[in-house]
Amino acid sequence: MKGHRGKTALGLVITIVLLWWVLRDVSLHEVLVELRGANAWLMAGAVVLATFGFVLRAARWRVLLLPAHAGSNFDSRFGATCIGFTVNNLLPARLGEFARAYALTRSAPIPIGASFASLVAERIFDGLVLAFFLFVTISLPGFPLGEGSSATLIRRVANVGALGFAGGFAFLWLVARNPSGAVSLFERAFGRLLGPRFLHKGVGLLESFIEGLGALKETGVFVLALAWSAVVWLCLAASMWLGLLAFGIASPGFSGALFLQALIAFAVAAPSSPGFFGPFEASARLGLGLWDVSPVTIVSFATSYHILTFIPVTLIGLWYIRHFGLTWAEMGRSEEMVESDVAARPEV
């Protein structure tokens, strides 16, 4: 964790600044009044749907692993998924993806490089779907984007997100389509710099990584993974919609909830404290402000929805860490352990 101190400090600063911006003109007493008046049944439904989203993620992960390893079981994938999100919720430096890949490898016969690469492919599919949803919702008649500074910022987030993920997808698609060329280019670029020993390890890591990108080059798997990604995010948008309705925020409708979910998903990619506190609330205030929802109502919704959906997956992930025979110390060292595991597998 020592190597992540700078990133952790930056994330903490960003969290503090964003939370100050969100809460700067909000009365705690008024927030408590809003919380007491929320519809508990609708919020419970929102939490159930958000938690069910992890079941859908585990099902999609099977599709992403199909090209290289078709034999993974649901319990391993679901447990590893929950562990990854638990680590992101409780530890700094975004170690969740490493912990997730490590947990899957410890609970199923899947090489660590392929496991981690499949998660990179998952992020690409998420980005493509979210960018599409963001542009579709903004383009709908009656969407209140306007011409103010918030509208300009949202447009920039949408444009940067779309370009970034489209560029990343194009690059990884080319790598997946021409693995030998990618390995050859890597050897020419880094051969002298790394030396024979580290070059061999780097090539092994790259080959294992490319193996996990099979979903990008097999048409059937690609379409299926894209469809599953749409289902995942539609489920999460439905959860957010119920959360909005629980606080009487009806004007955005389902399309507004879909827009807000996409905006938050891009925002939480920024450095922050564990649990994405700060970027989540700031993007909620930015997005819902387009419908002139009061800051008090936005803060009441965002904080309660964030915390209540945070709890179930965190508890499930902690249970699976014990169930898989892992330790919390391993989760904290998951990045280093993933790297050493890959280096120790020259056959991959």
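Predicted model: local features only at pLDDT ≥ 70, side-chain atom pairs only at ≥ 80, totals over all residues.
## The nonpolar cores

Let's start on the inside. The largest nonpolar core has 44 residues, and the members that touch the most others are Trp233, Phe259, Leu288, Phe301 and Tyr305. Several helices contribute to this core: H3 (40-65), H6 (112-139), H9 (219-246), H10 (253-267), H11 (279-288) and H12 (295-323) each provide at least two of its residues. There is also a second, separate core of 42 residues, with Ala58, Phe85, Val313 and Tyr320 among them.

Setting aside residues up to four places away in sequence, Trp233 touches Arg57, Asp126, Val129, Leu130, Phe133, Leu258, Gln261 and Ala265.

Helix H6 runs for 28 residues and spans 41 Å from its first C-alpha to its last, close to the 40 Å expected at 1.5 Å a residue. Because 20 of those 28 residues are buried, H6 is largely enclosed by the rest of the structure.

Helix H10 has 15 residues, and its end-to-end C-alpha reach of 21 Å is close to the expected 21 Å. With 12 of its 15 residues buried, H10 is likewise largely enclosed by the rest of the structure. The buried residues of H10 include Gly253 and Gly256, along with Leu258, Phe259, Gln261 and Ala265.

## Where H2 meets H12

Two packed helices are described by the angle between their axes and the distance between the axes. For helix H2 (residues 28-37) and H12, the axes come within 9 Å and cross at roughly 65°. The crossing of H2 past H12 is right-handed.

On the H2 side, the residues that take part are Glu30, Val31, Glu34 and Leu35; they meet Val296, Thr297, Val299, Ser300 and Ser304 of H12.

## A buried glutamate

Our last stop is Glu122, which belongs to helix H6. Is Glu122 buried or exposed? Its relative accessibility is 0%, so Glu122 counts as buried, the cut-off being under 20%. Which residues is Glu122 in contact with, leaving aside its neighbours within four places in sequence? They are Arg57, Arg60, Leu64 and Arg100.

Terms used: Residues numbered from 1 in each chain as written. Heavy atoms only, no water. Core = buried A, V, L, I, M, F, W, Y, C linked by side-chain atoms within 4.5 Å. Buried < 20%, exposed > 50% of the residue type's maximum accessible area, 1.4 Å probe, protein only. Helix = DSSP H or I, 4+ residues; strand = E, 2+ residues; numbered from the N terminus. Contact = heavy atoms within 4.5 Å. Expected span 1.5 Å × (residues − 1). Axes fitted to C-alpha atoms, helices over the stretch in contact; angles between N-to-C directions. Left-handed = near helix turned anticlockwise from the far one by under 90°.
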